[in-house]
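Morning, everyone. I have one structure for you today, and I'll keep it short. Please have a look at the screen.

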Amino acid sequence: MSDDLSLAALLGEAPKTPDPGFRFDVLARVSARAARREAWTRGLMQVAAFTALGLVLALVQFASVSAGAWIPVLSAGGALAASGVFALVVIQGPKAVLARARMVFGGA
Amino acid sequence: MDPAEEARLLGLARRGDMRAFGRLVDAHQPAVRAFLRRLVGSYADADDIAQEAFARTWEVLHRYDGRSSLRSFICGVAFQYWRRGRRADNRRLARDTAYSELEDSHTDAPQNTPERLALRRAMEELPADQRAVLAMCLGQDFTHAEAAEVLKLPLGTVKSHITRGRARLQAALGLTPETNP
């Protein structure tokens, strides 16, 4: 009763064999933590993007630039974005673009 | 587990192989869970901390430098979890009765109930470091050096913690160290 192993056994015993349920729970927690971390990152990115957009619009308004003056800039930006998407489709294939779009907009 | 096999699985797990990590969990869960069961008292709480510790280990595997055993590394993570959670749990535990704690802790092994209760009370009166040293070393799952590594304590302190802690536990059982064969 008084030896160390008896004391240890009274305090708590080790599982006799590795428990597959325990392993399953650990892997589920790993996945849940990864998903939570990704959600945080995505949320922060979205907040940063919309904050930057709001800041730009506020600065534009502050500078008293009319909306009409931005049409050429917006047109050029749209053309560049369309070219970028086309380049991605050509380089990586349509599935990669879809996966990227789902990753960006899926958590919104 | 063979060290070479463990190193191989560790390499795979670091590259994101969950199956390899699952095998490492299987290899180390008995020692980690035994340590936490002795430390915490409640089997359910101990297993909960153990699962969190393994999940956290997956995230910080790149920090493991191989100087200590992987088992010690995981126990170090688990000990930090327990110590943080213990501060939050102190208020809750104060409301629990010793009987309900006992019932919760030992549903798997109801024998020797008075001894278990006495030991559990004695463990809870010990300082956190001393309690952890006893939980690691009494069952001979870990060497004194491993306990020193995990708990960031000098080896001499670990040995004195064991001597004094063992005497306290034996006294709780109505035994004196001198009666020890």
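Let me begin with what sits over a helix. The cover on the buried residues of H2(A) includes H2 and helix H3 (43-59) of chain B. Which residues of H2(A) are buried? They are Phe22(A), Val26(A) and Val30(A). One caution before I go on: this is a predicted model.

Stay with H2(A). How many residues does H2(A) have, and how far does it reach? It has 43 residues and spans 63 Å from first C-alpha to last. That is close to the 63 Å expected at 1.5 Å a residue. Of those 43 residues, the number buried is 3, so H2(A) lies largely in the open. Just after H2(A) comes Ser64(A), with a positive phi of about 55°.

Now the whole of chain A. It has 4 helices and 0 strands. From the N terminus on, the order is α-α-α-α. Chain A has 108 residues, and 7% of them count as buried.

Next, the contact between the chains. Chain A gives 22 residues and chain B gives 35 residues. On the side of chain A that touches chain B, the elements giving two or more residues are helix H1 (4-11) and helix H2 (20-62) of chain A. H2(A) supplies the largest share of that side, 8 residues. What is the make-up of that side of chain A, in nonpolar, polar and charged residues? It divides into 13 nonpolar, 2 polar and 7 charged.

Over to chain B for one residue. Gly16(B) lies in the loop between helix H1 (3-14) and helix H2 (18-40) of chain B. Is Gly16(B) buried or exposed? Gly16(B) has 9 C-beta neighbours inside 10 Å, and the cut-off for exposed is 12 or fewer, so Gly16(B) counts as exposed. Look also at Trp58(B). Along the chain, Gly16(B) and Trp58(B) are 42 residues apart. Their C-alpha atoms are separated by 9.0 Å.

Last, confidence. Chain A averages a pLDDT of 80, and 91% of the residues score at least 70. Where in chain A is confidence lowest, and where highest? It is lowest in helix H4 (residues 94-105) of chain A, at a mean of 70. It is highest in H2(A), at 86. Where pLDDT is low, the predicted coordinates should not be read in detail.

That's my part. Over to you.

Definitions and conventions: Residues are numbered from 1 along each chain as its sequence is written. Chains are lettered from A and ligands numbered from 1 in the order in which they are written. This is a predicted model: local features need pLDDT of at least 70, side-chain atom pairs count only at pLDDT 80 or more; totals for chains, interfaces and linings use all residues. A residue is buried if 20 or more other C-beta atoms lie within 10 Å of its own, exposed if 12 or fewer, and partly exposed in between; C-beta atoms are placed from the backbone. Two residues are in contact if their C-beta atoms, placed from the backbone, lie within 7 Å. Ala, Val, Leu, Ile, Met, Phe, Trp, Tyr, Cys and Pro count as nonpolar, Asp, Glu, Lys and Arg as charged, and the others, Gly among them, as polar. The expected span of a helix is 1.5 Å times one less than its number of residues. pLDDT is the predictor's confidence in each residue, from 0 to 100.
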